[in-house]
Amino acid sequence: RLGRRRPPWRTGAPDAVRGPPALAAVWPFKRSPAPPAVPGVSFVDSLANPGATVDAAAVAALWRDAAPMPCVSGDSDARVATALAGTWAWIAAYDEEGGGGGGDAPAPLIGFARLLSDGVFAALLSDVAVAPAHRNRGIGRYLVTRAVAAGKGAGAGSVVAFVPPGRPRLFLQRAGFRVSVAYRMLRHEGKDGGGGKQGREAESD
């Protein structure tokens with residue numbers, strides 16, 4: 001249509017990515033307005049609360065239920081605990097109206113997001129998950145926006161994410177991220193990089 005720019009991979013530009021990448025890097029293009037607080041939900045930010053802890057079993061259960069990425073959705077509690085120990089920062093959402101059992105019982109964990117980073121150059125937003133029964137309430141957007149603000153506030157120069165096409169990508173774009181056509185994600189799938197067509201193409205670059 002008139003006035004609508006075509007994606008670079010369809011323009012034939014010499015530096016364009018050939019075909020939309022299956023996994024694309026996206027980052028906050030501009031500052032997005034802070035989402036409103038979610039009634040009945042409390043959020044804990046590990047960067048703002050250095051002594052805060054999160055139950056690895058609860059995170060593992062949430063990942064199994066919400067399946068943010070295949071690589072984490074079926075893993076054991078012990079491996080999830082190891083992953084969390086190596087996490088730079090995390091944001092957790094708790095259902096304060098979910099009947100945690102009364103007394104000192106904790107409120108149920110219904111949302112989670114984490115950042116992997118060296119704390120200087122960039123942070124990777126990873127494994128954003130919201131329990132299916134609590135979606136479409138603004139919890140996911142709040143997690144992402146707060147994670148980005150926490151990461152940049154702690155010194156990370158930028159925040160990136162790798163997401164598949166479809167709803168996850170649209171969700172992050174609504175939160176202020178933009179797809180990169182200048183970079184592509186490469187995943188190592190063999191013992192070395194020398195075999196096959198892709199390896200030969202790399203050697204000729």
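This is a predicted model: local features need pLDDT of at least 70, side-chain atom pairs count only at pLDDT 80 or more; totals for chains, interfaces and linings use all residues.

Q: What share of the residues is buried?

A: Buried means under 20% relative accessible area, exposed means over 50%, and partly exposed is in between (1.4 Å probe, protein chains only). In this chain of 205 residues, 34% are buried.

Q: And of the contacts between residues at least 6 apart in sequence, what share joins residues at least 24 apart?

A: A contact means heavy atoms within 4.5 Å. Of the contacts you describe, 69% join residues at least 24 apart.

Q: How do I read aromatic pairs, and how many does a search of the whole structure find?

A: Take the rings of Phe, Tyr and Trp (its six-membered ring): they pair if their centres lie within 6.5 Å, and planes under 30 degrees apart count as stacked, over 60 as edge-to-face and the rest as tilted. The search turns up 3 aromatic pairs. Phe-43 and Tyr-142 are stacked, because their ring centres are 4.1 Å apart and their planes at 25 degrees. This pair links distant parts of the chain, with Phe-43 in strand E2 (residues 41-45) and Tyr-142 in helix H4 (residues 139-153), 99 residues apart. Both Phe-43 and Tyr-142 are buried.

Q: What about the rings of Trp-63 and Phe-112?

A: Their centres are 6.2 Å apart and their planes at 70 degrees, so that pair is edge-to-face. Trp-63 sits in helix H1 (residues 56-66) and Phe-112 in strand E4 (residues 109-117), 49 residues apart. Trp-63 and Phe-112 are both buried. Ring pairs also join Trp-63, Trp-90 and Phe-112 into a cluster.

Q: How do H1 and helix H3 pack?

A: Axes are lines fitted to C-alpha atoms, for helices over the stretch in contact, and angles run from 0 to 180 degrees between N-to-C directions. H1 and helix H3 (residues 77-85) pack at about 105 degrees, with their axes 8 Å apart. That makes H1 roughly perpendicular to H3; the classes are under 35 degrees for roughly parallel, over 145 for roughly antiparallel, 65 to 115 for roughly perpendicular and the rest for oblique. Residues making the contact include Trp-63 of H1 and Leu-84 of H3.

Q: And at what angle do H4 and helix H5 cross?

A: The axes of H4 and helix H5 (residues 167-174) come within 10 Å and cross at roughly 60 degrees. H4 and H5 are therefore oblique to each other. Among the residues in contact are Val-144 of H4 and Phe-171 of H5.

Q: Last one: where is Pro-132 found?

A: Pro-132 is in the loop between strand E5 (123-130) and H4. Its relative accessibility is 38%, so Pro-132 counts as partly exposed. Leaving aside residues up to four places away in sequence, Pro-132 touches Asp-65 and Ala-66.

Notes. Residues are numbered from 1 along each chain as its sequence is written. Side-chain values use heavy atoms; hydrogens and water are left out. Helices (H or I, at least four residues) and strands (E, at least two) are DSSP runs, numbered from the N terminus.
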